[in-house]
4 protein chains.
Amino acid sequence: MNINVAILGSTGYTGAELIRLIDNHPHFNITHLGAHSQAGKKVSDILPGIASHLGDKTLAKADAPLADDIALVFAALPHGAAAQSVKTALDANKRVIDLSADFRHQNTNTYQAAYDIEHPYPDMLTDTTYGLSEWARHKVRQARWVANPGCYPTSVLLPLIPLLQADVLSNHSIIIDSKSGTSGAGRSLKTDLLYCEINEGLTAYGLPKHRHVWEMEEWAKIFGKQSIHIRFVPHILPMNRGMLSTLHLTGKNTETWHKLLSQAYANEPFVRVLPAGQLPTTKAVAGSNRCDIGIQLLNEHEAVVVSCIDNLLKGASGQALQNANIMFGFEETLGLSAHAQWP
Amino acid sequence: MNINVAILGSTGYTGAELIRLIDNHPHFNITHLGAHSQAGKKVSDILPGIASHLGDKTLAKADAPLADDIALVFAALPHGAAAQSVKTALDANKRVIDLSADFRHQNTNTYQAAYDIEHPYPDMLTDTTYGLSEWARHKVRQARWVANPGCYPTSVLLPLIPLLQADVLSNHSIIIDSKSGTSGAGRSLKTDLLYCEINEGLTAYGLPKHRHVWEMEEWAKIFGKQSIHIRFVPHILPMNRGMLSTLHLTGKNTETWHKLLSQAYANEPFVRVLPAGQLPTTKAVAGSNRCDIGIQLLNEHEAVVVSCIDNLLKGASGQALQNANIMFGFEETLGLSAHAQWP
Amino acid sequence: MNINVAILGSTGYTGAELIRLIDNHPHFNITHLGAHSQAGKKVSDILPGIASHLGDKTLAKADAPLADDIALVFAALPHGAAAQSVKTALDANKRVIDLSADFRHQNTNTYQAAYDIEHPYPDMLTDTTYGLSEWARHKVRQARWVANPGCYPTSVLLPLIPLLQADVLSNHSIIIDSKSGTSGAGRSLKTDLLYCEINEGLTAYGLPKHRHVWEMEEWAKIFGKQSIHIRFVPHILPMNRGMLSTLHLTGKNTETWHKLLSQAYANEPFVRVLPAGQLPTTKAVAGSNRCDIGIQLLNEHEAVVVSCIDNLLKGASGQALQNANIMFGFEETLGLSAHAQWP
Amino acid sequence: MNINVAILGSTGYTGAELIRLIDNHPHFNITHLGAHSQAGKKVSDILPGIASHLGDKTLAKADAPLADDIALVFAALPHGAAAQSVKTALDANKRVIDLSADFRHQNTNTYQAAYDIEHPYPDMLTDTTYGLSEWARHKVRQARWVANPGCYPTSVLLPLIPLLQADVLSNHSIIIDSKSGTSGAGRSLKTDLLYCEINEGLTAYGLPKHRHVWEMEEWAKIFGKQSIHIRFVPHILPMNRGMLSTLHLTGKNTETWHKLLSQAYANEPFVRVLPAGQLPTTKAVAGSNRCDIGIQLLNEHEAVVVSCIDNLLKGASGQALQNANIMFGFEETLGLSAHAQWP
């Protein structure tokens, strides 16, 4: 079975990762690679890591029409720009996995508060499917399009949802301290992102309220059945990939939390709950589509939960392929490594 | 004026940094370099960065007697081993800056809880001087020996003390998430510290209660006049130097906090409080003896305070020299750079 | 088709990479994971990146017998130790890919000169197959065991062979300056390999004659039909993976060299010759089984040729799987990515 | 004694390093900090590592007049732009250390070949002083302005000159393979210099003839009395600082070379020749103004010489201060560390 695929916005880091993953997938077949400012250039001029059979192709313009035989579109475009491309693809009867934030909110106001722009298709938001794969399989299977979750929300919601569902958290003291590899900031030309500025350095950013907090709070409520307020501080680190979220949690019955998490994910190929008291490392998930979760109790009211993902895989392109597998009825793990690339 | 100095435990990272700093100091003169397993070897065989005039010296044995003309001893020894060396040096009428944890506690029980060993000289603990320079100048000036603070406690106490003194914090919700460069783990031969295991990775460790938490709580009470409970999670990062502590704080009158911090450190050469809402980076203090502090209000009850130090300078050897300057009546900044080495 | 596979020496970096690759391969099935000092422990305790279905297995002892249904053994053991394990596996009618140096030489004296130990089975050396896949397919297809090439030799021989075959090089002025990521030094516990010693540093090593030079010279002669003398200086770099060899070459008709290289590898999925004057980067091959080659002419007698591989893939475990694919008649690229993981 | 100093082009990496060094110097006093596009901003907004007493100053415009009491100007400007500023400062009777390439050539044609621009003051070139401190002290002492050497030429000329003077090299087979930390590429906004593009990667560049080769060849001839042809390949590495040059040399009497180098630099505080057969590491010179040189004989005709510097110190700002010390009659080492910052 061979399904033709287009990737829009293929020259950023999530785009590059989509090409690698999808081209190694046995059933998806990349036939269209779109770009913006780089359109017209050879793929390998912009992404030298792409081998010749795709590297020699020419990048299509952003508004180039998609061939009829393309069944699936991955949109790895900036928020704001993505919505129109998604709409156009849907109108042409493609299915879409959208890696942007444009359809991650059901509520237009929330989207606008977070991104400070008006949404061009607010009516579509109510129909969106938020593709946190482990909690949204049934919807993804039916969906015409899926909003792929943000990296921080993925790393936060996976450990949080089972605890929210069990109603063991004090909803007003959820403090999350996240650390991201630099690829999370994208391939944009800023002095702050130069090698010598990032290397051997560390900083917090995104305060007072990072855009992803709205996304976390909205989906925590939907999946976890709890209205919560999250205090969130993200940091940027001198490493390419990897994201670690430290959840400083308060609540009740902490002695049950490890079991709640373990049971929730017992059969998940891409979520691993470590033995109680063992803490995860991002190295163990780098290059893998896995999320590792560790928990350390402090006392009966307090615990630290730590989650690790590869921000470009489970945090972006990997989960996107996981969702595509679900959508097309393939084995969910197809083309995705559960093992890390070590070291 | 020329003061002869011995460095004990000179082959670790804090030892190497002491050599660099003290040899560049106009009044201190290194005449003794002690080591343990490396004794008998040439300094530059173990520390190739040390230039020939000191690099060609031979490392003395740990128990080698100190010459009479040595007036000051820096002890950069492991906890447990340090106490005896400090005692011996004091008995020989030297003054001592001890970089270990052996005299950082006034309370023997606390020391034993944190380090799980018995203290050989518990009576000395009550006389110890805790050398958090900005808050202990008067005592350091008179002291025969100074316990140099730990790196995490330095990064945490500097931002906390002014807020504790003003009684604006909820004492039972002090959550601190710290991140340290790998040199903080010392020069010890462990698989976990190999380049390929640390590089491109990130992990939390030291739970449920890192040894430095006892130290923070004890001195927060003494300097800040508040009994507090700290929830503390440290992380280790792929960079050589640098430490960032993110303090997730709750309390009252947050709108006054920036002013409280600014006023407390207005005249300090080595503490810089950034404009409100601006967050520090470890790069800006790497190679410097400075601590940078930033604060971002979230609302009237909540704020994030971030502090940055170079763990080997303000967090260890730099503060040690600062204390030696105070002890001997030199200008406090002598031989210490307030500027970072960038990049 | 399902072939059961054993990996011996599975806890080092090449072992970890073999597990990742082979477990993602559609036809190979790992049923035995051997170790030395770590035998008896859970796989994921030593390799936390391995997901649960294999991570939960127990590491077998080095001398544990291999089950009858195992058809293929990958030996990722230190030189010296490997020979015996290879012999035992062959005697039990398994096929073997040996990643050590024990069977890379046809000449016992050369082996002993390079490794300074006596070979336990010198008679076997004459029968060995040196698995530089692009130049040894016919032999590998028939072989009962294959000696997988070293990383430096792979990066050097691939660009060198076509030029040697065309007889355009001055054989006595082949100067090669190679740079390797730190994983090339293995997972061994040495102070020199600690994170803080490698990070932000760079050094040359392995002089006057690195072990791999004998291997290069021996196979240059066999594949290239030229007796050559190589001046070789390797360096170790602060990055996990990646190897770049800079060949400073002298000879004749340099204007033909790009064509010689391009033609030699025109149909190779894992060797890419860049347009003339374009230089490769290791990033473009990281996570890929590719070797990228660039050439820049200086004048009619001199040229610089640069080759890049991922030392753990085309330089070790990737080429091992490529050889296994050839051996068992699978598509040579099966389970191997030609695309890099970027960034 | 207090000498007022201006730094022009103070916001790049060499500028930042000049500020740190000069402000820690006991006799030089920074009173003017110039910039181009950043003029008008606060120093610490562009260089957050600069402490408040200088960080709070405003960056002056590039063409702002220099106060009368300024005696010395450090020009850390791009080539092309520097010449005019140097001329203006000289006309105002300042002394100048120029870190650009604008006065590094005595021959206008060579300058134009290397930089592809016309020199505005070709007549000045004949009077220039090339400040390779160890070989130019007498001239620097008298000079009104000094052209500070490039980083690659410094790392290459220091090991090369004594061998050229002794006439032991085959002049037509000098092959040099250099590796530079990324700060060598400056603080310019290019995709290639983004953290994620540099980190975990390695590439060669600057072929066929890097600009610095002309400089090396010109001064090798003047200091070494030999016309030589250099084959030079530079590489860029994932580390902030550090430069290592591997000289693959051929000649005669290699057994004398170690002695030639050792004697040449026996009394130099900033050049260390390691014991024969020992190879240097850039870590041992990071943060130091030293150049370390190692030599390994291969046979009587061939040897490998390796040199290491910190490209921003001995390769730029450190040597600039060394030259300023010489110029003003201070101890040459004043304000410069011979020890590395380790790690």
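Two strands are said to pair if DSSP finds at least two bridges between them. The legends below refer to a predicted model.

**View 1. Parallel pairing of strands β1 and β2 in chain A.** Strand β1 (residues 3-8) of chain A runs parallel to strand β2 (residues 28-33) of chain A, and five bridges link the two. Within this pair, N4(A) has N29(A) of β2(A) opposite it.

**View 2. The β-α-β unit of chain D.** In chain D, strand β1 (residues 3-8) and strand β2 (residues 28-33) run parallel and are joined by five bridges. The view shows A6(D), whose bridge partner in β2(D) is H32(D). Together with helix α1 (residues 13-23) of chain D, β1(D) and β2(D) form a right-handed β-α-β unit.

View 3. Strand β6 (residues 174-181) of chain A is mostly covered, with eight of its eight residues buried. β6(A) pairs with strand β8 (residues 230-237) of chain A in the parallel sense, through eight bridges. Its pairing with strand β9 (residues 243-250) of chain A is antiparallel and comprises six bridges. D177(A) takes part in both pairings: V233(A) stands opposite it in β8(A), and T246(A) is its bridge partner in β9(A).

**View 4. Domain 1 and domain 2 of chain A.** Chain A is divided into domain 1 (3-128) and domain 2 (152-311). Taken over C-alpha atoms, the centres of these domains of chain A are separated by 26 Å. Where the domains of chain A touch, 10 residues of domain 1 are in contact with seven residues of domain 2. On the domain 1 side, helix α5 (residues 108-115) of chain A supplies the largest share, four residues. That side of domain 1 of chain A has four nonpolar, five polar and one charged residues.

**View 5. Positive phi at D116(A).** D116(A) is not glycine, yet its phi is positive, near 60°. The residue is found in the loop between α5 and α6 (133-142) of chain A. D116(A) counts as exposed because it has 9 C-beta neighbours inside 10 Å, the limit for exposure being 12 or fewer.

**View 6. Positive phi at N93(C).** Phi of N93(C), also a residue other than glycine, is positive and near 70°. The loop between α4 (82-91) and β4 (95-98) of chain C holds N93(C). N93(C) has 10 C-beta neighbours inside 10 Å and therefore counts as exposed. Most residues other than glycine have a negative phi.

View 7. The peptide bond from W342(B) to P343(B) is cis, with omega near 0°. P343(B) is found in the segment after α11 (313-327) of chain B. In chain D, W342(D) and P343(D) are likewise joined by a cis peptide bond, with omega about 0°. P343(D) is placed in the segment after α11 (313-327) of chain D.

**View 8. F74(C) in the largest nonpolar core.** The largest nonpolar core has 458 residues, of which F74(B), F74(C) and F74(D) touch the most other members. Leaving aside residues up to four places away in sequence, F74(C) touches V5(C), I7(C), L8(C), L18(C), I97(C), L99(C) and A320(C). In soluble globular proteins, nonpolar side chains tend to be buried together.

**View 9. The contact between chain A and chain B.** Chain A and chain B each give 34 residues to this contact. On the chain B side, the elements that give two or more residues are β6 (174-181), α8 (195-198), β7 (203-204), β8 (230-237), β9 (243-250) and β12 (302-309) of chain B. The side of chain B that touches chain A has 18 nonpolar, nine polar and seven charged residues.

**View 10. The contact between chain C and chain B.** Here 14 residues of chain C are in contact with 14 residues of chain B. Helix α8 (residues 195-198) of chain C gives the most to the chain C side, with three residues. By class, the side of chain C that touches chain B has seven nonpolar, five polar and two charged residues.

Notes. Residues are numbered from 1 along each chain as its sequence is written. Chains are lettered from A and ligands numbered from 1 in the order in which they are written. This is a predicted model: local features need pLDDT of at least 70, side-chain atom pairs count only at pLDDT 80 or more; totals for chains, interfaces and linings use all residues. Two residues are in contact if their C-beta atoms, placed from the backbone, lie within 7 Å. Ala, Val, Leu, Ile, Met, Phe, Trp, Tyr, Cys and Pro count as nonpolar, Asp, Glu, Lys and Arg as charged, and the others, Gly among them, as polar. Domain bounds come from an automatic or database domain assignment. A crossover is right-handed if, with the strands pointing away from the viewer, the path from the first strand over the helix to the second runs clockwise. A nonpolar core is a set of buried Ala, Val, Leu, Ile, Met, Phe, Trp, Tyr and Cys residues joined through C-beta atoms within 7 Å. A residue is buried if 20 or more other C-beta atoms lie within 10 Å of its own, exposed if 12 or fewer, and partly exposed in between; C-beta atoms are placed from the backbone.
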